[in-house]
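Please look through the model before reading the points that follow.

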Amino acid sequence: MIHLYRFKDKNILLDVNSGAVHEVSDVVFDALSVFSDLAYRLKDDETSEDSAANIGELTERARWERAKPAIFAALRDPHSAKNRESATIREAIEELDALSDAGMLFSEDVLDRDDLLEERGAAIKAMCLHVAHDCNMRCVYCFGDEGSFFGERTLLSEETGKKAIDFLLAQSGTRRNLEIDFFGGEPLMNFEVVRALVRYGKERGQICGKRIRFTLTTNGLLLDEKKEEFLNEHMDNVILSIDGRPEVNDIMRKTPSGEGTYRSVIENYRRFCKNRRGLCYVRGTYTARNKDFSRDVEHLADMGFERISVEPVVADGDRDFALRESDLPELMREYDRLTDLCADRERSGRPISFFHFDVDLTQGPCVYKRAAGCGAGTEYVAVSPEGDIYPCHRFVGESDFRVGNVREETFENGLYDVFNRAHIRNKEACAACWAKFYCSGGCHANAKHENGDIMKPYALGCALEKKRLECAIGLNVFRCESYCNREEGMLR
């Protein structure tokens, strides 16, 4: 499987299974375009000797070998805009053959090996611990019902939090590196419990021969120097929520009295990031009200933030801020503008790290991680202030997804098999998708909430993910080119 596209002035080729990325010439691009057209026509032509069934049995390399005469003929057609000289065509085909021989083109899908998709086992390695089902903001788009998660506003007790940590340690099997994300609502409303649980987690982890990595997400209203010092010392990562420009942020992120929150948090964030000794991201959400979100990224970068994430809102279609399929052309253009912004800032020596563009093109994670994604319902759980256990934070409060309770010491994950099977090999929409090894089938919760089935990916999210990946790959090509040019200049 290959993915071929034009990015700015570059022709980019991705070999999906190996993850190899190539910048190719116009004639190579045209040859592969003809190859792709031929493959689709043969699959659709049931009267052909190369029927859909026969074509499906061939490897991609075998299809390429069979298609080469037709590709040569198509590129030598004097009536075609792709008409090329014979020597040029032969050179392009030889170049593609060499890439294939090197395993960087027409490579085999490792997921076709059944042994690589055996059960992972039920060991849990990460927990989203809801320390507060309450919030000092009332964000309009909040999926957690403005922090209450559709229940009573409450805080996690220290006792229940300790039982949650004990549960994680007991269920982690032989895994030594674990993670706890302090989440809400607003976790800093329960700061003393957070502090006590970090101390307890480190002590218990050491006794059990395990290390717990702690992270926390905050809206910043309660962030002061005392809390900053603690977060700096004990949190491996901190997520700071803000949507960008003041007029954008204050439309959606409000206090209970309806006031905007930008002025209340921006200086807290700037001070925190300036003094931060570990990983830290500012994270926003864009909606139909700010489809020009590249300006929000630029604003946050100009305010001094180096690591930025801005995510598309997921909301019911009847909400006026929800994103719709009709918004896609505009959103695609906006990601192009954001790509230009990132490239321009790199050229000027003021780089920013945009989360969705920082993609590992080496396909470093294990096969199962690339096939199944976040591990919700298998390796990852969420625990509510009442001690209830769910597959992830997006399912908290939904009774059909409750699988136990840490206070009652009950846990029978009857949903394990459902989530364990929810990988790209079993999702029909993912089978022929070039982006499958990067998005891993998308968010299970979005699929369930939008389509009623975790096996049916959220289509709007898929479209945006593929666009972000094309931009990310294009930026990596730009970086490689810039690096090579710098090296060449130094050699001179």
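1. Which residues in α5 meet which residues in α6? Glu158, Gly161, Lys162, Ile165, Asp166 and Leu169 in α5 meet Val193, Ala196, Leu197, Tyr200, Gly201, Arg204 and Gly205 in α6. Contact means heavy atoms within 4.5 Å. By class, this contact has six nonpolar, three polar and four charged residues. Nonpolar covers Ala, Val, Leu, Ile, Met, Phe, Trp, Tyr, Cys and Pro; charged covers Asp, Glu, Lys and Arg; the others, Gly among them, are polar.

2. On sources: this is a predicted model, in which local features need pLDDT of at least 70, side-chain atom pairs count only at pLDDT 80 or more, and totals for chains, interfaces and linings use all residues. Residues are numbered from 1 along each chain as its sequence is written, and side-chain values use heavy atoms, with hydrogens and water left out.

3. The axes of helix α5 (residues 158-171) and α6 come within 10 Å and cross at roughly 30°. That makes α5 roughly parallel to α6, a term for angles under 35 degrees. Axes are lines fitted to C-alpha atoms, for helices over the stretch in contact, and angles run from 0 to 180 degrees between N-to-C directions. Helices are DSSP runs (H or I, at least four residues), as are strands (E, at least two), numbered from the N terminus.

4. Helix α6 (residues 191-207) also packs with helix α7 (residues 225-234), at an angle of about 25° and with the axes 12 Å apart. These two are therefore roughly parallel as well. On the α6 side the contact is made by Phe191, Glu192, Val194, Arg195, Val198 and Lys202, and on the α7 side by Lys226, Lys227, Phe230 and His234. The residues divide into four nonpolar, one polar and five charged.

5. Helix α11 (residues 328-347) has 20 residues and reaches 29 Å from its first C-alpha to its last, close to the 28 Å expected (1.5 Å times one less than its number of residues). Its buried residues include Leu328, Leu331, Glu334 and Tyr335, where buried means under 20% relative accessible area with a 1.4 Å probe, protein chains only. Just after α11, Gly349 takes a positive phi of about 75°.

6. Not counting residues up to four places away in sequence, Lys10 touches Tyr5, Glu23, Val477 and Glu481.

7. Asn405 is found in strand β15 (residues 404-405) and is buried, with a relative accessible area of 3%.

Terms used
Angles under 35 degrees count as roughly parallel, over 145 as roughly antiparallel, 65 to 115 as roughly perpendicular and the rest as oblique. Buried means under 20% relative accessible area, exposed over 50%, partly exposed in between (1.4 Å probe, protein chains only).
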